[in-house]
Amino acid sequence: MLHVIEPGLQTTLQGAPRRGHRHFGVAYSGPADPLSMALANRLVGNAGEATGLEITYGGFSAEARSPCSIALTGAHGGVSVNEVPASDHRTLHLSRGDQLQVRAPTSGTRCYLAIRGGFDAAVYLGSSSTYLPAGFGGLDGRSLQLGDDLIAPHAGPWDRQIETPHALRPVFLNAFALRACPSAETDTLPSKDVEMLFREKYTLGRQTSRMGVFLKGHPMQPRSDGMMKSVPVFPGTIQCPPSGDPIILLCDAQTTGGYPRIAHIARCDRHLLGQLRPGNSVRLIKRTPNAAVQDLRAKNALFQPWLGFDPI
Amino acid sequence: MRARLTAVQIAEDVFEIAVDTPADAQRLALELRKIGLAEDVVAGINRVAVSFDPARHDQVMAWMDDLPQTVPTNEAPPPAVDIPIQYGGEFGPDLANVCAALGMTQAAFVDLHSSCTHAVDMIGFTPGFAYISGLPDSVSVPRLDMPRPRLIAGSVGISGALTGIYALAGPGGWPLIGHTSVCLFDKDRESPFLLAPLQTVRFVPI
């Protein structure tokens, strides 16, 4: 069991996405950076989508109330156990009373903590993932609070200690190049705007959430009358509202939207959306759907031997 | 129904099929869901989107090339529902503006809205949010210039000629004309979603 001492800005339990319910308006949820979550789960011998913690902007600390094996991946500004620096991307064995601290990252946004056997969480519509807007999944559908006890019935200790191979540790900088395909309403943009979309360097806006992020700096002039009928949208959809600043949708994306869908982040790079932070520079690299499928195969092939499955 | 259904790829893992009506969209979505190849099948008002695992790309491509060319009529929607609405007031702050834009008195608008037979075009946006049609096409209400940062669950809005009921508290961009006390989404209810697509809805002023 982990006892929460400092919950951080927004720490939630996340497991597999809640697939197959979008036609009831139910978002996928799940980790915003599922690759990092899968890498953390690997280090404690879990299935890739076992329920772990998504820690946003660090500032998290907890005490082990019983021996357990954990691992941390993703963005963080340092991990310590009893104030002694500890490694990320490596199995950590905590004894009863050990205090874990996860500091704020200097780049990237979300850190992932996996525990041997996964955390207990409220499964709703087939998934343990927390969806904050409707308050379901995870721990009472909310983010963690001081004093919460996180139950992990099979937490170990595990008899192994392993490390992510160095070549497979994602590094998050302050600039992101994201591959993207044109989408259904790309043609509603003037052609100069389409060229701009796949050429210019955007700055990530200050408003960010698990629902979406804004790309600022090069507003478009969508030729939409604002009366478009609502259409299905997904994580990765890039919408263009009347303001002209594109919005990239993330894992908690609404299921339908009324703005033109001007591009779609390729699945191979969608896991990176969970690590974007305000002020980062973002460039979109134009891909055809066929090229994006090849890109995905290539990235999965890189991680498959270590993880044992295609993580993205 | 249009002569031929055609799937357009709108991402490397999403196809979309244009249809004519919400009923066509719902029925086609139901058919496509039965095949079980997709990760998700989402009906819009006049589209059906199919998201899939690109590892099954070739299989899905073959499937999309061989779409059913008629949409069968499925089982009847659930029985009609009456939804009580408190028009105007604290939780319908835009009623006066909406009526002014439409050139109607509030009484005439309430009478029109509550005398039409409506139907759920789709559920989407957030859990349980219902897009409901039934007002004549001559009614056309634009969205707010700036979405409200916060509204309460049960808020009833108008956009274009659609009525929308917010199932959750949260932000919202539709002008609000009233409020209902019925709960469209209750996670603890055996059937969490009150409304289903194509279901008939009557609004009852209170």
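Author: Let us begin with one pair: Glu185(A) forms a salt bridge with Arg47(B), and their closest N and O atoms are 3.4 Å apart. This is a predicted model, in which local features need pLDDT of at least 70 and side-chain atom pairs count only at pLDDT 80 or more, while totals for chains, interfaces and linings use all residues. Residues are numbered from 1 along each chain as its sequence is written, chains are lettered from A in the order in which they are written, and side-chain values use heavy atoms, with hydrogens and water left out.

Reader: Why is the pair Glu185(A) and Arg47(B) called a salt bridge?

Author: A salt bridge is a side-chain nitrogen of Lys or Arg within 4 Å of a carboxyl oxygen of Asp or Glu. The closest N and O atoms of Glu185(A) and Arg47(B) are 3.4 Å apart, so the pair meets the rule. Across the interface of chain B and chain A, the rule finds six salt bridges.

Reader: Which elements of chain B give two or more residues to the side that touches chain A?

Author: They are strands E1 (7-11), E2 (14-18), E3 (40-43), E4 (47-51) and E6 (118-123) of chain B, where a strand is a DSSP run of at least two residues, numbered from the N terminus. E3(B) gives the most, with four residues.

Reader: How many residues of chain B and of chain A are in contact, and what area do the two chains bury between them?

Author: Contact means heavy atoms within 4.5 Å, and 41 residues of chain B are in contact with 43 residues of chain A. The chains bury about 3,400 Å² between them, 58% of it on carbon and sulfur atoms; buried area is the accessible area (1.4 Å probe) that two parts lose on being put together, summed over both.

Reader: What makes His21(A) a neighbour of the other chain as well as of its own?

Author: Leaving aside neighbours within four places in sequence, His21(A) is in contact with Val26(A), Leu125(A) and Asp40(B). The place of His21(A) is in the loop between strand E2 (10-14) and helix H1 (34-42) of chain A.

Reader: How far does a polar atom of the side chain of His21(A) lie from the backbone oxygen of Leu125(A)?

Author: The two atoms lie 3.4 Å apart.

Methods:
Polar contact = N/O pair within 3.5 Å; in protein donor to acceptor, adjacent residues only side chain to side chain.
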